[in-house]
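Have the sequence and the 3D view open side by side as you read.

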Amino acid sequence: MALADIAGRMRAAEALGGRAPGSVRLIAVSKVQPLNRVEAVLAEGHRLFGENYVQEALGKWPALRDRFGPVQLHMIGPLQTNKAKVAVELFDAIHTLDRPSLAQKLAGLAQARGASPQVFVQVNTGQEPQKAGILPADLDGFLKDCRAMDLAPTGLMCIPPEAEDPAPHFAMLAAMAARNGLSGLSMGMSSDFETAIAHGATHIRVGSAIFGARTYPR
Ligand SMILES: *Cc1c(COP(=O)(O)O)cnc(C)c1O
């Protein structure tokens, strides 16, 4: 089955990269997948999932958590400020902190709740105008501003440009994380997760390779 196949490929990539076995976490990206496919992966024992849309996740996961027990949920899609409150209650981690206004919102919510999901800063490593994320040149200052608000991101996330070799983008993200003392690296998807693991990924986000093609392209 696909999940076991992915796990085997992860173990091989960890070994090849001199990484400890099991040091990379697999986020099963279940956005827009039919419920029966998600249930099948839960039934196999997997308990870490990624979603892109707050509304969709809210409609799906409370009931699945009731049925299957604790499931870790990571938000990997763009987060609107007006959905941040719902998001911090539903998700264990947010991979898409991409602007100062959202940092401010998350910092305020963390203070009010006395708890915060784990936060990753999304970096626009390809400097693509249509893509979200902090530009590489602005990252160190942005992290400083976050910490001044008592928001402590623990990692970085990127989505390399589609037509490019992802390796230099993963290497750049790893260097930026190391420079800033951040241990988390959310990088690598179905087509390139082994390359990401070679460059130090701690969290890979894999959708179609586990669940099959999504019913409509995004
Ligand atoms: C959809 C999505 C993924 C999963 O993509 P696949 O190619 O299906 O593995 C990973 N990361 C983000 C940010 C996504 O939106």
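Thr202 is found in the loop between helix 8 and strand 8; helices (H or I, at least four residues) and strands (E, at least two) are DSSP runs, numbered from the N terminus. With a relative accessibility of 15%, Thr202 counts as buried, where buried means under 20% relative accessible area, exposed over 50%, and partly exposed in between (1.4 Å probe, protein chains only). A polar atom of its side chain lies 2.8 Å from the backbone nitrogen of Leu185. That pair is a polar contact: N or O atoms within 3.5 Å, where, within protein, one must be able to donate a hydrogen and the other to accept it, and residues adjacent in sequence count only if both atoms are side-chain atoms. Setting aside neighbours within four places in sequence, Thr202 is in contact (heavy atoms within 4.5 Å) with Arg19, Ser23, Val24, Arg25, Ser183, Gly184 and Leu185.

A quick word on the source: this is a predicted model, where local features need pLDDT of at least 70 and side-chain atom pairs count only at pLDDT 80 or more, while totals for chains, interfaces and linings use all residues. Residues are numbered from 1 along each chain as its sequence is written, and side-chain values use heavy atoms, with hydrogens and water left out.

Next, the loop between strand 5 (118–122) and helix 6 (139–148), which is the place of Asn124. Asn124 is buried, at a relative accessible area of 4%. Its side chain has a polar atom 2.8 Å from the backbone oxygen of Glu128, and a polar atom 3.1 Å from the backbone oxygen of Lys131. Not counting residues up to four places away in sequence, Asn124 touches Lys131, Ala132, Gly133, Ile134, Leu135 and Pro136. Gln127 has its place in the loop between strand 5 and helix 6 too, but Gln127 is exposed, with a relative accessible area of 54%. Though not a glycine, Gln127 has a positive phi of about 50°.

Pro160 brings another loop into the picture, the one between strand 6 (155–157) and helix 7 (167–179). Residues up to four places away in sequence aside, Pro160 touches Thr125, Glu128, Lys131, Pro166, His169 and Phe170.

Val32 sits in the loop between strand 1 and helix 2. Val32 also isn't a glycine, and its phi is positive, about 50°.

Here are some loop residues with their relative accessible areas:

| Residue | Relative accessible area | Class |
|---|---|---|
| Val32 | 14% | buried |
| Gly69 | 23% | partly exposed |
| Pro70 | 76% | exposed |

Gly69 lies in the loop between helix 3 and strand 3, and so does Pro70, with helix 3 covering 54–68 and strand 3 covering 72–75. Pro70 and Thr81 are 11 residues apart in sequence, and their C-alpha atoms are 26 Å apart in space.

Now for helix 1. How far apart are its end C-alpha atoms? They are 21 Å apart, which agrees with the 21 Å that its 15 residues (2–16) should span at 1.5 Å a residue; the expected span is 1.5 Å times one less than the number of residues. Leu3, Ile6, Met10, Ala13 and Glu14 are buried in helix 1. Seen down the helix 1 axis, the buried residues fall within an arc of 100°, so they line one face; the arc is that of the directions from the helix axis to the C-beta atoms. On the other side of helix 1, Ala4, Ala15 and Leu16 are exposed. The buried residues pack against strand 1 (25–29), helix 2 (35–43), helix 8 (193–198), strand 8 (203–206) and helix 9 (208–211). Gly18 follows helix 1, with a positive phi near 70°.

Zooming out, the protein chain has nine helices and eight strands. Its C-alpha trace spans about 45 × 40 × 30 Å along its principal axes. Of its 218 residues, 48% count as buried.
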